[in-house]
Amino acid sequence: MSKAVTFVVCYARTVAASSSSRLNSPVAWNRKSVQEGGYYDLEAGETERTPLLYVRDNAREALRYRAKLRADDSNRVHPVALGLMVALLVFLLIGVVIGVYLLLLTVQRPWPVSHPFYLVERPAWWQYSVALEAATLDKQAVADVIVLHTDSDSCLDQAGCVRYLQNTERSCWSARRDHIPYNFLIGGDGVTYEARGWKSQHGFDDLPGRNTTLVVGMIGNFTDRQPAEVQYAELKAFLTESIRRFSLAPQYRLHGAINATQPTKDGAALYNQLQRWPHWKGFVSRQP
């Protein structure tokens, strides 16, 4: 019995010593590895042979790679910064749009216009080979509008008004090799007809401000009778449209043109009404 106890105690000491040496050493011997002269990692087991030196080198390489990635990422824009820049650009664009809108609101309109603007351009009524040749109007300097009556028969439909423009053009060309002198004419049909237009100087030698003035003719004789209401409405629409096209200054001056030999009669009915309009500045004289 004593021998058996002694054997068990000795065996236990041997096992404890062996376990202690294995636990205290990070590297354990293996028969096969001893024969080959190598070590192996206890945690890797018999089948995985990864030297601890290689493990440490791989860890260093991984750290270097991560540091390189962080250095590369420093050149990239942070998502938060990118979002702030986009938001700033959006607010800037909104501010520009609001500024332009407020600027347009400050442009003074002569009045609210309910009558729509109707325009018949020159090529629609003058389909001949003789093209318009006139000095260019300095559009940025246009600040005056002269309204006068044509002192002729009225026209109440487009056919009659077109016929008047064609006859006037032929007459002017035959008499002095020049085009119809008006910039625009307004007929009794409530339509504006383009003569020389917004880009060319008027052709009246006896009217001032060729390079700063638009001349508008009201077709008819309006010394003793008023133009039709639709003609007045179309004149208002024309003035507003000219401002909208930046072809007339918002602070324009409205004038009448009268015959110097009969200043109290020429176009009296027309001018009695126009003198009540905004921007009216008085008369200019013209030769008979």
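**Chat: strands, salt bridges and a surface patch**

Modeller: Let's start with the sheet. Strand β4 and strand β8 (residues 253-259) run parallel, joined by four bridges. Keep in mind that this is a predicted model.

Biologist: How many residues of β4 are buried?

Modeller: Six of the six, across residues 144-149, so the strand is largely enclosed by the rest of the structure.

Biologist: Which way do those side chains point?

Modeller: Asp-144, Ile-146 and Leu-148 point one way, while Val-145, Val-147 and His-149 point the other way. Both sets are buried. In a regular strand, side chains alternate between the two faces of the sheet.

Biologist: Back to β8. How many of its residues are buried?

Modeller: Six of the seven, so β8 is also largely enclosed by the rest of the structure.

Biologist: And which strand does β8 pair with over six bridges?

Modeller: That's strand β9 (residues 280-286), again in the parallel sense. One of the facing pairs there is Asn-259 with Arg-286 of β9.

Biologist: OK, switching to charges. How many salt bridges does a search of the whole structure find?

Modeller: Seven. Side chains of opposite charge can pair when their charged atoms come close.

Biologist: What does Asp-178 pair with?

Modeller: One partner is Arg-176, at 3.1 Å from N to O. Asp-178 also forms a salt bridge with Arg-196, where the closest N and O atoms are 3.1 Å apart.

Biologist: Where do Asp-178 and Arg-196 lie?

Modeller: Asp-178 is in the loop between α6 (158-176) and β5 (184-186), and Arg-196 is in the loop between β6 (192-194) and β7, so the pair ties together parts that are 18 residues apart in sequence.

Biologist: Are they buried or exposed?

Modeller: Asp-178 and Arg-196 are both buried. Arg-176, on the other hand, is partly exposed, with a relative accessible area of 40%.

Biologist: What about Arg-245, which residue does it form a salt bridge with?

Modeller: Glu-241, with the closest N and O atoms 2.8 Å apart. Arg-245 is partly exposed at 36% relative accessible area, whereas Glu-241 counts as buried because its relative accessibility is 12%, under the 20% cut-off.

Biologist: Which residues do shared partners join into one network?

Modeller: Arg-176, Asp-178 and Arg-196, through salt bridges that share partners.

Biologist: Last topic, the surface. Which residues form the nonpolar patch?

Modeller: Leu-82, Met-85, Val-86, Val-90, Phe-91, Ile-94, Ile-98 and Leu-102, with about 760 Å² of accessible area together.

Biologist: Take Val-90. Which helix is it found in?

Modeller: Helix α4, which covers residues 79-106.

Biologist: And what is its relative accessible area?

Modeller: For Val-90 the value is 44%, so this residue is partly exposed.

How values were computed
Residues are numbered from 1 along each chain as its sequence is written. This is a predicted model: local features need pLDDT of at least 70, side-chain atom pairs count only at pLDDT 80 or more; totals for chains, interfaces and linings use all residues. Side-chain values use heavy atoms; hydrogens and water are left out. Patches are made of residues with over 30% relative accessible area and no salt bridge: like charges are joined within 9 Å, nonpolar side chains (Val, Leu, Ile, Met, Phe, Trp, Tyr) within 5 Å. Accessible areas come from the Shrake-Rupley method with a 1.4 Å probe; for residues, only the protein chains shown count as cover. A salt bridge is a side-chain nitrogen of Lys or Arg within 4 Å of a carboxyl oxygen of Asp or Glu. Helices (H or I, at least four residues) and strands (E, at least two) are DSSP runs, numbered from the N terminus. Buried means under 20% relative accessible area, exposed over 50%, partly exposed in between (1.4 Å probe, protein chains only). Two strands pair if DSSP finds at least two bridges between them.
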